[in-house]
Amino acid sequence: MSKEVIKPVSGICVDGGTVGNPGPCFYQGVDLATGRKLFYQHLGEGTNNIAEFLAIVHAIYYCDKNDIEPNIWSDSKTAIAWVRHKNCNSTFNGDVNTRLDKACKYLKSINSVEINKWPTKKWGEIPADFGRK
């Protein structure tokens, strides 16, 4: 039997988005306990998967630099897999590619961090969602 996961009330949830896909992309991280935005980043041209991946890596880095035990939530299976493998299965031009390289190097330099999958169908949109659907 699988253990029932209760909707969290603390941690960091992340989401990424684009205007078009590919297109200008962005991501953010939100504190689940307060609803406060912890970080936001505009990336330039990229894909939704890239934005979701970089959001998770940013959350890991945020936890590391602020001495917070990681409790990170994402609704992206692809981005979670890329983080788990410490490798992004995508490349892009310009600044986004530089960020992807930097993110992968960072992940390879640290211990693995478990990222939690947000079950959207069960709990609704992740609190970091941009509401663009």
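Lys86 counts as buried at 16% relative accessibility, where buried means under 20% relative accessible area, exposed means over 50% and partly exposed lies in between (1.4 Å probe, protein chains only). Lys86 is found in the loop between helix 2 (77-85) and helix 3 (94-109), and its phi is near 55°, a positive value in a residue other than glycine. Helices (H or I, at least four residues) and strands (E, at least two) are DSSP runs, numbered from the N terminus.

This is a predicted model, in which local features need pLDDT of at least 70, side-chain atom pairs count only at pLDDT 80 or more, and totals for chains, interfaces and linings use all residues. Residues are numbered from 1 along each chain as its sequence is written, and side-chain values use heavy atoms, with hydrogens and water left out.

- Strand 1 (residues 12-18) runs antiparallel to strand 2 and is joined to it by seven bridges; two strands pair if DSSP finds at least two bridges between them.
- Within this pairing, Gly16 stands opposite Tyr27 in strand 2.
- Strand 1 also pairs with strand 4, in the parallel sense and over two bridges.
- Cys13 stands opposite Trp73 in strand 4.

**Strand 2 and the hairpins**

- Strand 2 (residues 23-31) has eight of its nine residues buried, so it is largely enclosed by the rest of the structure.
- The hairpin of strand 1 and strand 2 has four residues between the strands, and Gly20 in the turn has a positive phi of about 85°.
- Pro22 lies in the loop between strand 1 and strand 2, and a cis peptide bond with an omega of about 10° joins Asn21 and Pro22.
- Eight bridges link strand 2 to strand 3 (residues 37-46) in the antiparallel sense.
- Phe26 stands opposite His42 in strand 3.
- Five residues separate strand 2 and strand 3 in their hairpin, where Gly35 takes a positive phi near 80°.

**Helix 1 and the residue after it**

- Helix 1 (residues 48-65) has 18 residues, which at 1.5 Å a residue should span 26 Å, and its end C-alpha atoms are 26 Å apart, which agrees; the expected span is 1.5 Å times one less than the number of residues.
- The buried residues of helix 1 include Ile50, Phe53, Leu54, Ile56, Val57, Ile60, Tyr62 and Cys63.
- Helix 1 is followed by Asp67, which is placed in the loop between helix 1 and strand 4 (72-74).
- Phi of Asp67 is near 50°, a positive value in a residue other than glycine.
- At 75% relative accessibility, Asp67 counts as exposed.

**Packing of helix 1 and helix 2**

- Two packed helices are described by the angle between their axes and the distance between the axes.
- The axes of helix 1 and helix 2 come within 8 Å and cross at roughly 50°; axes are lines fitted to C-alpha atoms, for helices over the stretch in contact, and angles run from 0 to 180 degrees between N-to-C directions.
- Helix 1 and helix 2 are therefore oblique to each other, since angles under 35 degrees count as roughly parallel, over 145 as roughly antiparallel, 65 to 115 as roughly perpendicular and the rest as oblique.
- The contact (heavy atoms within 4.5 Å) is made by Asn49, Ile50, Glu52, Phe53, Ile56, Val57 and Ile60 of helix 1 and Thr78, Ala79, Ile80, Trp82 and Val83 of helix 2.

**Asn116**

- Asn116 has its place in strand 5 (residues 115-117).
- Asn116 counts as buried, at 18% relative accessibility.
- Leaving aside neighbours within four places in sequence, Asn116 is in contact with Asn71, Ile72, Trp73, Ser74 and Ile80.
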